[in-house]
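Me: I have a structure to look at, and I would like to learn how to read it. Could we go through it together?

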Amino acid sequence: MEIKGGQAQAFVAGYARKPDPKLRVALVYGNDEGLVAERARALAQAVCPDLSDAFQVVELAGDRVEDDPARLLDEFQSISMLGGRRVVRVRPAGDGVADAVAAVLEASAGDALVVVEAGNLAKTSTLRRLVEAAPAGAAIPCFEDADEAIAKLVDSALAELGLRIEPDAREYVVDNLGGDRGVSRSELEKLVLYKGIPVAGAPADARLVTLDDAMSVIGDTAAIRLDDAVYAAFSGDPGALDRSLDRVLGEGVAPVAAVRALQRHADILHRITGLVEGGARADDAVARLRPPIHYSRKTPLLAQLRFWSPRSAAAALAFIMEAEIDCKTTGMPDDAIARRVAMRVATGARAMRARAR
């Protein structure tokens, strides 16, 4: 069964409340590793709350299943010594486990829940197509959070602890959190620790997360580190860009997140160059940005305004958006697409900077 992206969270929540015994294989896949882990864990815990229980839960590495496909079927059909349904977790996995998963879906006996965790699988993926077509399977996508989803995550995570967040602070947090759900939760936990959980009777301002709070804490995330690469690109510094991309991609930042960071900056430049062209002072145009940029980025942004124009920013925005579409549809390596579009921005910016001197 194919689960659409917008239905994924509801499906997982529904299964957590009432596990369906007919579901044999749950394939949780996507480029948001944190969300893949979170949803896979929720599904597994719906069947066995204690995932450290060696009698009820079996962990299999994807490459081991590829080497010995029969092992997965054996585990699926094994009966628990203590009674109840077992969980078999397979991670990380790819198309190489498709034959083993097919055997589970076709088996005449067995009642374990097999939870398979995979990375970004194309629509043509053998494993994805197999599970989507199976009545006893569910393929659950986990892609990077859109801004609206991140905003909801921010509100709900803080509300659980009795905190609220002011609008400017929310915009800043959403803009500076990465798309990975696990990283986002980690950064929000840091924000809560910084602010402190309000005690009963605490004044209203003790419950409100301000922009200053957010800017003091959300400053060392993957998204913030991406700024080094983004600013290097739009400042026309290919060398610094290459070094920065090596770092952030090496740390596990999704290439599409880098493309989206370039897109956000191109949009910012398009807006403020338009204001400057309309007669506004550069300082005033930058000050109008919401959410505001970090103070450390003001000087390089003002420098970029000397050679970027509304027309060039719009052109950059167009081909960056094309690159994001390519990441999702062409099957080409995402990191190659991200590097290519970032370098295209950098070489263009360097040429414009040289002409502006």
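Me: Which residue stands opposite Tyr 29 in E5?

Reply: Strands of a sheet pair through backbone hydrogen bonds, either parallel or antiparallel. Here Pro 141 in E5 is the residue opposite Tyr 29. Strand E1 (residues 25–29) runs parallel to E5, and 5 bridges join them. Strands (E, at least two residues) and helices (H or I, at least four) are DSSP runs numbered from the N terminus, and two strands pair if DSSP finds at least two bridges between them.

Me: What numbering and model are we using?

Reply: Residues are numbered from 1 along each chain as its sequence is written, and side-chain values use heavy atoms, leaving out hydrogens and water. The model is predicted: local features need pLDDT of at least 70, side-chain atom pairs count only at pLDDT 80 or more, and totals for chains, interfaces and linings use all residues.

Me: What is the order of the strands in the sheet?

Reply: The open sheet has 5 strands in the order E2-E3-E4-E1-E5, with parallel pairing. Strands E2 (57–60) and E5 (137–141) are the edges, each pairing on one side only.

Me: How do I read the packing of H13 and H17?

Reply: Two packed helices are described by the angle between their axes and the distance between the axes. Helix H13 (residues 255–277) packs with helix H17 (residues 334–356) at about 25 degrees, their axes 8 Å apart. Axes are lines fitted to C-alpha atoms, for helices over the stretch in contact, and angles run from 0 to 180 degrees between N-to-C directions. H13 and H17 are therefore roughly parallel to each other (angles under 35 degrees count as such).

Notes:
Angles under 35 degrees count as roughly parallel, over 145 as roughly antiparallel, 65 to 115 as roughly perpendicular and the rest as oblique.
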